[in-house]
Every structure is written in C-alpha cells, then in structure tokens.
Amino acid sequence: GVRQVVSGHPAVGITPVRLAAILRDAEEADPTAYLELAEEMEEKDTHYRSVLATRKNQVVGLEIVVDSASDSSEHVRHADMVRAWLDRDELREELFDIQDALGKGFSCTEIIWDTSGREWLPERLEWRDPRWFEFAREDGRTLQLRTESGLQPLHPFKYISHVHRSKSGLPIRGGLARVCVWFWLFKNLDLKGWIQLAEVFGMPIRLGRYG
C-alpha cells in the first residue's frame, strides 16, 4: 500500500495535556504520534540519544557465537553456513537498526531473500518504519502490518520482530521513551523558558507610557 515516509512532528508546541493524549492513543488506538515523538526525542535530547546509542553499540559489539545442534555432519554444515552468512560487514549496521526497539518498544526488520539459487539465503536486512506496524487490538502483543485494508498478519520468515522488555505488560509501553518522555517534556519546556530569557537578558528596561 501507500506508505507515508515523511514523519509528523508532535513535539512542536507539545503540552502535558497533549502528551497524555498521545500516550493514551498509543495503547488504545493509534501509536503513530507516540512513535514520531520517540523519534524526535532522539533528535532533540543529546543525553537521551547518547544513552540509547551506548546500549545499542554494546549489543552490536558483542561476539556472535554459533553452535551446531549436534555433531552430525548435516548440523555442522548448517552451522558453518550460518557463520558464513553472519560474517558480513553490513551485519553491524543491521543489528544497530534492530535495536531501535530500545526506545520505541519494538522494531521490525524485513528479511530480503535471495531466491536466485537452489538454497535461499537472506540478501540483507532492511529496517522498516515502526509506523507501518501495530499490535493486534485483541491481545496487544501480536505485531501486524498496517495496510489500506486493515491490519494483516506478518508473513512467516519475512520479518525479524524485536520487542524490548524493559518492564512487564503491553509491549507498546515497554520502550525507554515511555519512561523518559515526561522528563524530556519538562526539560524541553525549561530550556525554552531559559532561551526566551536569554533573548532579553541584559537589555535596557523598556518603559511604555500611555494615557
């Protein structure tokens, strides 16, 4: 279907009342504004972005170990094939994108398959905009694809779904953005007030007279 690439900017002129409505909509109706706000938090708050990047890079830097299911020749061959595929320079960037779930609560990475040979192998992993997905209304846990005809189940062997569990409960409420967003709002409003003060600080007092 037609998918919007350009993101909205719910952080512009945001108030506590507006933020509360965004959080309610995320768990009850439409998480689009919440996901866009989480994206803006990473762009506007240097400390929040630094902490997320530290967590992501720690995971990306871990050594990947592949063990065969048994000592049989077939299982050893399978393990060697997986090791060979993982030994790619692009894998680090793909793992970084999968960690997008840390802030937003979930991420979906599409597996692009190479079907030209006898054995099908993943050609690459593509990060997909989380606004294209939504948790099923029935259980709040099953990720589905948003289409023009409604929510559709994810095709098998097509996506890597990463749900970040920083707490128990609904996955949409498990991202770090949900915890930090109120502190981000108050800090954002505080900085806005200081900048307004800096614009006029030190200027002569303006005195107006009227009848």
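Begin by selecting Val82, Trp85, Leu86, Leu121 and Pro122, which lie nearest the centre of the second largest pocket, a pocket lined by 13 residues and having a volume of about 230 Å³. A pocket here is an open set of points on a 1 Å grid over the protein atoms alone, where a 1.4 Å probe fits and protein lies on both sides within 12 Å along at least five of seven lines, and lining residues have an atom within 4 Å of a point. The volume is the space filled by probe spheres set on the points, which are joined across faces, edges and corners. This is a predicted model, in which local features need pLDDT of at least 70 and side-chain atom pairs count only at pLDDT 80 or more, while totals for chains, interfaces and linings use all residues. Residues are numbered from 1 along each chain as its sequence is written, and side-chain values use heavy atoms, with hydrogens and water left out.

Colour this lining by residue class, and it divides into 13 nonpolar, no polar and no charged residues, where Ala, Val, Leu, Ile, Met, Phe, Trp, Tyr, Cys and Pro count as nonpolar, Asp, Glu, Lys and Arg as charged, and the others, Gly among them, as polar. The elements giving two or more residues to the lining of the second largest pocket are α4 (73-86), α5 and β2 (121-128), with the largest share, 4 residues, coming from α4; helices (H or I, at least four residues) and strands (E, at least two) are DSSP runs numbered from the N terminus.

Next, select Glu39, Glu42, Glu43, Arg49, Leu52, Ala53, Lys56, Phe96, Asp97, Asp100, Lys104 and Trp127, which line the largest pocket, whose volume is about 260 Å³. This lining divides into 4 nonpolar, no polar and 8 charged residues, and its largest share, 4 residues, comes from α3.

Arg146 is partly exposed at 22% relative accessible area, and Asp30 is partly exposed at 32%; buried means under 20%, exposed over 50%, and partly exposed in between, with a 1.4 Å probe and protein chains only. Then select Glu94 and Arg88, whose closest N and O atoms are 2.9 Å apart in a salt bridge, and both of which are buried. Lastly among these pairs, Arg128 and Glu110 meet in a salt bridge of 2.7 Å, N to O; Arg128 is partly exposed at 21%, whereas Glu110 is buried at 13%.

Move on to Phe157, in the loop between β5 (150-153) and β6 (159-163), where phi is near 60°, a positive value in a residue other than glycine. Most residues other than glycine have a negative phi. Phe157 is exposed, with a relative accessible area of 70%.

End at Met203, in the segment after α7 (176-200), which is partly exposed at 48% relative accessibility.

Definitions and conventions
Salt bridge = Lys/Arg side-chain N within 4 Å of Asp/Glu carboxyl O.
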